[in-house]
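Welcome to this tour! Open your viewer, get ready to select residues by number, and follow along one stop at a time.

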Amino acid sequence: MAVRETIEFDLELVDRLIADEEAALAPKHAKSIAYRETAAEHVAGGVASSWQSAPPHAIYVDRGEGSHVWDIDGNEYVDYHLGYGAMAVGHAHPKVVEAIERRARLGTHFAQPTTQLHEVGENLSDRFGLPLWRFCNSGTEATLEAVRLMRANTGRDLIVKIEGTYHGHHDSLMFSVAPDPELIGDRRNPFTVPQAMGIPETFSKLVRVVPFNDLGEAERAFAEHEGQIAGMIVEPAMMNCGVVLPQPGYLQGLLELCHRNGAYLAFDEVKTGATLAYGGAVEVFGVQPDIVCLAKAIGGGVPCGAIGATTELFGPVLRGDHDIAGTFNGNPLTMAASRAVLFDVLTPDAYVRLNEIDRQLKEGIRPIIDRYHLPAYVTGVGAKGSITYSATEVREYRDTIGIPENVSYLAWLMQQNRGVFKSPWAKMETWTLSVVHSDEDAKRYVDNFEEFAAAVAG
Ligand SMILES: Cc1ncc(COP(=O)(O)O)c(C=O)c1O
């Protein structure tokens, strides 16, 4: 990244701007704020998932159409949250609605296999280069099954994961997702920090954490635990620290490292799969892992998940020694929606449009960053992108530690107050684009960003 002159954020000014924006936002969300109190009578915290209550308050959504959503107060937004990226097809896409309606009339659940399995499996094989698939209901289930398959095939317990990535909320991997900097320890041997209460401490001994983009540190971890590592799970491009791309050769290096050590490499493509490109990160970075975990975008808005792997890895399942099971696995409604998404909407042409919107955003945002000398940069691939408020490139979780939280919070508030819906605020959240985002939608984002830039530059 070229060195440029940048301002330093005036954090007192940022706090004053935050106060103004919060004061402007609250009255617009009066119904949301009131409804939360009602819901909280019988639903813990008034929300279905804890992250829905991120600051400043939960926003209850009424409906969505195309690239737009409306909250229960009647505010209209361009949606860059898109249900954490599940709605890359846009809301209520006619092809997906039709597939769901048709299937609903024929019965929505039997816990028996149906005849859309083959088509969906074949399409995923074509995209992600792995021969065999199983279906589940969330990204959490997909990564849980990936860990089990790696352990089942090696008879080893240890899993290597990257510091600062999220793979779902099960006890095998809910470690060092966004760990408190006070608790992370030395970069050469990071502590495995539980990211939730109630995870037995013993489980942390089964996970070795390493920094992203550092093959040397991964090699050291394998050398330290020779013959004990079942496999490594990695988000091929990190999505929880803004978008962090892998350095050239890093993913291929991990694959070779795993294989040299009799271990497996799993790509968690829950966010990147079918959003970065037709074949997700496998296609973009040209590395073929042993396992791919999917969810979100492949279901077009219904609960979904999938795990793809080599025939060797599925061996214990094929032989009947190990079960991947679930009442709703391969649910017909999910399969019908997935079929429509994969065959009718997220076709190869769709990525031309996603890349075009990505280009418009980046080409709109970059000159603004330069003009106002912001310590920031914009990055992304296909449907996923982010603005990172740092003058230097983030390559791993620890690079995000000094980035001021209130700057991205102000950016979030200013977008929200000006008709852009982002994922519930988190310090380093990404955006998702849909195939139906228009040029005007991109312009709204860029115009709002310019207002933000002018405000923080004083
Ligand atoms: C990379 C990644 N893996 C797994 C998950 C878990 O997926 P789910 O929320 O569907 O369980 C997420 C969720 O955001 C994710 O971003």
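A residue is called buried when its relative accessible area is under 20%, exposed when it is over 50%, and partly exposed in between (1.4 Å probe, protein chains only). Keep in mind that this is a predicted model, in which local features need pLDDT of at least 70 and side-chain atom pairs count only at pLDDT 80 or more, while totals for chains, interfaces and linings use all residues. Residues are numbered from 1 along each chain as its sequence is written, and side-chain values use heavy atoms, with hydrogens and water left out.

Select C241, which counts as buried because its relative accessible area is 2%. Now show its sulfur: the closest cysteine sulfur, in C293, is 19 Å away, so the two are too far apart for a bond. Go on to C293, where the nearest cysteine sulfur, that of C136, is 8.2 Å away, and C293 is in no disulfide. C293 is buried too, with a relative accessible area of 0%. How many disulfides does the structure hold? It holds 0, a disulfide being a pair of cysteine sulfur atoms within 2.5 Å.

**Stop two: the ligand**

In D268, a polar side-chain atom lies 2.7 Å from a nitrogen atom of the ligand. In K296, a polar side-chain atom is 2.8 Å from a ligand oxygen atom. In G139, look at the backbone instead: one of its polar atoms is 2.8 Å from an oxygen atom of the ligand. Taken alone, the ligand exposes 390 Å², and the protein buries 86% of that (Shrake-Rupley method, 1.4 Å probe).

Select P55 and P56, which are joined by a cis peptide bond with omega about 5°. Then pick S176, a residue other than glycine with a positive phi, near 45°. Is S176 buried or exposed? S176 counts as buried, because its relative accessibility is 0%.

Finish at H373, another non-glycine residue with positive phi, this one near 55°. At 40% relative accessibility, H373 counts as partly exposed.

Key
Polar contact = N/O pair within 3.5 Å; in protein donor to acceptor, adjacent residues only side chain to side chain.
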